[in-house]
Each structure stands twice: as structure tokens, then as C-alpha cells.
Amino acid sequence: MVKVMASGVFDLIHPGHISYLNQAKALGDYLVVVLACDSTVRKRKHEPVTPEAMRAKIVASLKPVDEVIIGTDGDMYETVRKVKPDIIVLGFDQTFDEKAMEADLDSKGLKGIRVVRVTESADDLNATRRIIAKIKEMSS
């Protein structure tokens, strides 16, 4: 069985998320989604629109997803140790470098984990920030 790990905020589910998760699931047999906890979202992106428990429930109900765990605010490699994936899948807009992440994984004793980046969805509103911007524009 090939275990795949994907991660993200998944604040306002949109076609970009669905594309990401479908591409991730196609790479293996079992897809674990690591959902960014609220404190991480606040630090790195924005105030979450929906709380982590609600986001986890929504993501868990999506067809390609086999399991959802809420990430921690600490070392992301601890989560990788817990999940034990064969493949880590990055979204098209996630800021990690695939080769650097593979090197970091190897240096931390997490050898043999492939890191793969998915392609961007062609949909117009394929990012939460774009959806929020459109809502703000419509309410002005």
C-alpha cells in the first residue's frame, strides 16, 4: 500500500483543493490530509474563516480523502514521522522546494519519501485568497 500525505489550510473549499486532493490520491492507495491548525493559519496566512474542527470534518467528507489529522504548531517533520508517508504531495502554490524538502527528510532520518508537486487547477477561483477578494469586491 502506498501512503500519500497532503497538507493545507482548506479554509474555503474550492476547485483548486479538489484538484489537489484528486491528484494526490492518484499517486497512491491511501491519502492522509494534514490540516493546518488555526494557530498556524493565523501565523502564515490569515484569520481562518472556519475553525479547524469544522475544516477537518469537511475535508474528511471529500471522496479522495481517507484520513484527516490536524497538524501541530511545531516541527512539521514530527507529523511526517507520525503519518509515515511514502509520498508527500505539495500544492502548486505551496512555498516548499521539493528537492530541499527531500534533502531535509533524508537528513532527519526520514529516508525514501518522495516529494511531488501537483499542477494548478485551471478554474478562475482556485485559491481561497481569490474567493475572499471576490467577496470583498462584491460587497463594496
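Predicted model: local features only at pLDDT ≥ 70, side-chain atom pairs only at ≥ 80, totals over all residues.

Threonine 50 contacts Asp11, Asp38 and Arg55, once its neighbours within four places in sequence are left aside. Threonine 50 sits in the loop between helix H2 (38–44) and H3. Although it belongs to a loop, threonine 50 counts as buried, because its relative accessibility is 13% and the cut-off for buried is under 20%.

In soluble globular proteins, nonpolar side chains tend to be buried together. Here the largest nonpolar core has 18 residues. Leu21, Leu31, Val33 and Val65 have the most contacts inside this core. Five elements each supply at least two of its residues: strand E1 (3–8), helix H1 (15–25), strand E2 (30–35), helix H3 (52–60) and strand E4 (87–90). Apart from this core lies another, of 14 residues, which includes Val34, Val80, Ile113 and Val115.

Which residues does valine 33 touch, not counting those up to four places away in sequence? They are Ala6, Phe10, Leu21, Val59, Val65, Glu67, Val68 and Ile69. Two of these, Leu21 and Val65, are named with valine 33 among the residues that have the most contacts inside the largest core.

Phe10, another of the residues that valine 33 touches, lies in the loop between E1 and H1. Phenylalanine 10 is buried, because its relative accessible area is 1% and under 20% counts as buried. Its backbone also deserves a look. Most residues other than glycine have a negative phi, and most peptide bonds are trans. Phenylalanine 10 has a positive phi, near 55 degrees, and is not a glycine. Lysine 84 is another non-glycine residue with a positive phi, here about 60 degrees. It is placed in the loop between H4 and E4. Is lysine 84 buried or exposed? Lysine 84 is exposed, because its relative accessible area is 62% and the cut-off for exposed is over 50%.

Proline 85 is also placed in the loop between H4 and E4. Proline 85 counts as buried, because its relative accessibility is 6%, under the 20% cut-off. Leaving aside neighbours within four places in sequence, proline 85 is in contact with Lys3, Met5, Val80 and Ile113.

In H4, the buried residues are Tyr77, Thr79, Val80 and Val83. These residues are on the same side of H4, because they cover an arc of only 150 degrees around the axis. The buried residues of H4 pack against E1, E2, strand E3 (67–70), E4 and H5. Arginine 81 is also in helix H4, but counts as partly exposed at 32% relative accessibility. Its contacts, leaving aside neighbours within four places in sequence, are Lys108 and Leu110. Arginine 81 and serine 140 are 59 residues apart along the chain, and their C-alpha atoms are separated by 46 Å.

The empty space comes next. Rolling a probe the size of a water molecule over the atoms shows where empty space is left. The largest pocket holds about 1000 Å³ of space. It is lined by 48 residues, and Ser7, Gly8, Val9, Gln94 and Phe96 lie nearest its centre. By class, the lining comprises 21 nonpolar, 20 polar and seven charged residues. Which elements each supply at least two residues of this lining? They are E1, H1, E2, H2, helix H4 (76–83), E4, helix H5 (98–107) and helix H6 (128–139). H1 gives the most, with five residues.

Phenylalanine 92 is placed in the loop between E4 and H5. With a relative accessible area of 28%, phenylalanine 92 is partly exposed. Phenylalanine 92 and serine 19 are 73 residues apart in sequence, yet 10 Å apart in space, C-alpha to C-alpha.

Terms used: Residues numbered from 1 in each chain as written. Heavy atoms only, no water. Core = buried A, V, L, I, M, F, W, Y, C linked by side-chain atoms within 4.5 Å. Buried < 20%, exposed > 50% of the residue type's maximum accessible area, 1.4 Å probe, protein only. Helix = DSSP H or I, 4+ residues; strand = E, 2+ residues; numbered from the N terminus. Contact = heavy atoms within 4.5 Å. 1 Å grid on protein atoms, 1.4 Å probe; cavity = no way out; pocket = protein on both sides within 12 Å on 5 of 7 lines; lining within 4 Å. Points joined across faces, edges and corners; volume = space filled by probe spheres on them. Nonpolar A, V, L, I, M, F, W, Y, C, P; charged D, E, K, R; others polar. Arc of directions from axis to C-beta.
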